[in-house]
Amino acid sequence: VGPRDLTGRRILVTAGGTREPLDPVRFIGNRSSGRQGVAIARAAADRGAEVVLLVANIDDGVLDAHPAGLTVRHVSTTAELREAALQEAQSADVVVMAAAVADYRPETVAEGKIKKETQGDVLDLRLVRNPDILKELTSARRDGQTIIGFAAETEADPDALLELGRAKAARKGVDLLVINRVGWTEGFGTERNDVVVVTGGGDRVTEASGSKSEIADRILDLIVP
Ligand code: PMT
């Protein structure tokens with residue numbers, strides 16, 4: 001049994017990837033498995049926190065059994081995640097946005113299945129921007145609330161990756177930003193992760209490599225009083 005150093009803290013975690021419907025049977029989505037977010041929620045509950053976990057379309061088996069102290073709510077679209085996150089954040093001391101949120105959604109959702117017979121050889125999709133949930137959360141930050149975001153970037157050069165993260169930390173107004181490299185074989189869906197954590201002001205506070213649950217504990221170490 002590890003330390004119960006988060007006893008009494010209320011933590012909201014998001015995990016998985018949002019999906020934006022095109023028609024009743026299709027969506028635009030991403031490859032987030034939910035592993036990193038679920039690992040954070042699980043580790044926080046194991047360390048005594050009262051955790052609300054918002055999960056969007058996670059892979060099978062990622063959340064089979066969950067510990068006491070963990071309440072799970074299922075969402076799918078960015079709009080659903082946004083509504084639940086804004087509501088749950090009102091009573092959270094710490095928010096961790098590990099979900100991969102769709103930046104765009106189809107402008108219209110077809111009522112029936114989109115058919116190639118009526119579309120022909122090319123189908124144009126028009127996408128519109130989704131609200132930035134993390135930015136809304138930091139704009140509405142409660143006194144004493146700590147808000148942690150993630151940055152998923154495909155940049156291979158470590159220095160350039162760090163600079164992208166620093167700019168994102170400032171733009172989003174977070175207290176801490178966890179920067180991870182993602183790609184065809186990194187970040188999304190993997191068992192391990194490599195992260196650099198910066199403050200909102202861009203100072204590097206820690207870096208870690210390991211299983212997603214090891215990464216989770218290193219992130220949570222940063223919020224222990
Ligand atoms: O689920 P796994 O397979 O384990 O993979 C883990 C992960 C790679 C998905 C995870 O570690 C991760 O990086 N999550 C954030 C993915 C993401 O959306 O990053 P971003 O750089 O596009 O967004 C930056 C931050 O803003 C994120 O905290 C995101 O949750 C948030 N955001 C983004 C867009 C939007 N419209 N609203 C948001 O709140």
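Predicted model: local features only at pLDDT ≥ 70, side-chain atom pairs only at ≥ 80, totals over all residues.

Biologist: Is K168 buried or exposed?

Modeller: A residue needs 20 or more other C-beta atoms within 10 Å of its own to be called buried. K168 has 20 C-beta neighbours inside 10 Å, so K168 counts as buried.

Biologist: Which residues is K168 in contact with, leaving aside neighbours within four places in sequence?

Modeller: K168 sits in α5. Once its neighbours within four places in sequence are left aside, the contacts of K168 are A151 and L177.

Biologist: Which residues does the UniProt annotation "binding site" cover?

Modeller: The annotation comes from an unreviewed UniProt entry, and K168 is one of its residues.

Biologist: Why do they not all gather at one spot?

Modeller: In sequence they span 70 residues. They do not all gather at one spot because the farthest two C-alpha atoms are 37.5 Å apart.

Biologist: Where is D103, and how many C-beta neighbours does D103 have inside 10 Å?

Modeller: D103 is placed in the loop between β6 (94–97) and β7 (104–106). Not counting residues up to four places away in sequence, D103 touches R129 and N130. D103 counts as partly exposed, and its number of C-beta neighbours inside 10 Å is 13.

Biologist: Which element gives the largest share of the shell around the ligand?

Modeller: There are 27 residues around the ligand, and S33, R35, I133, L134 and A152 come nearest. Elements that give two or more residues to this shell are α1 (35–46), α4 (133–139) and β9 (146–153). The largest share, four residues, comes from β9.

Biologist: Which residues is G149 in contact with, leaving aside neighbours within four places in sequence?

Modeller: G149 is in strand β9. With 26 C-beta neighbours inside 10 Å, G149 counts as buried. Apart from neighbours within four places in sequence, the contacts of G149 are M97, L134, K172, V174 and L177.

Biologist: Is A140 buried or exposed?

Modeller: A140 is found in the loop between α4 and β9. A140 has 12 C-beta neighbours inside 10 Å, so A140 counts as exposed.

Biologist: What is the distance between the end C-alpha atoms of helix α2, and what should the helix span?

Modeller: Helix α2 has 12 residues, 78–89, and at 1.5 Å a residue they should span 16 Å. The end C-alpha atoms agree with this, at a distance of 16 Å.

Biologist: What arc do the buried residues of α2 cover around the axis?

Modeller: The buried residues of α2 are T78, L81, A85 and A89. They lie on the same side of α2 because they cover an arc of only 60 degrees.

Biologist: What is the phi of N57?

Modeller: N57 is in the loop between β4 (50–56) and β5 (70–75). N57 is buried, with 21 other C-beta atoms within 10 Å. Its phi is positive in a residue other than glycine, near 55 degrees.

Key: Residues numbered from 1 in each chain as written. Near = placed C-beta within 6 Å. UniProt positions renumbered as here; feature names shortened; annotations may be inferred. Contact = placed C-beta atoms within 7 Å. Expected span 1.5 Å × (residues − 1). Arc of directions from axis to C-beta.
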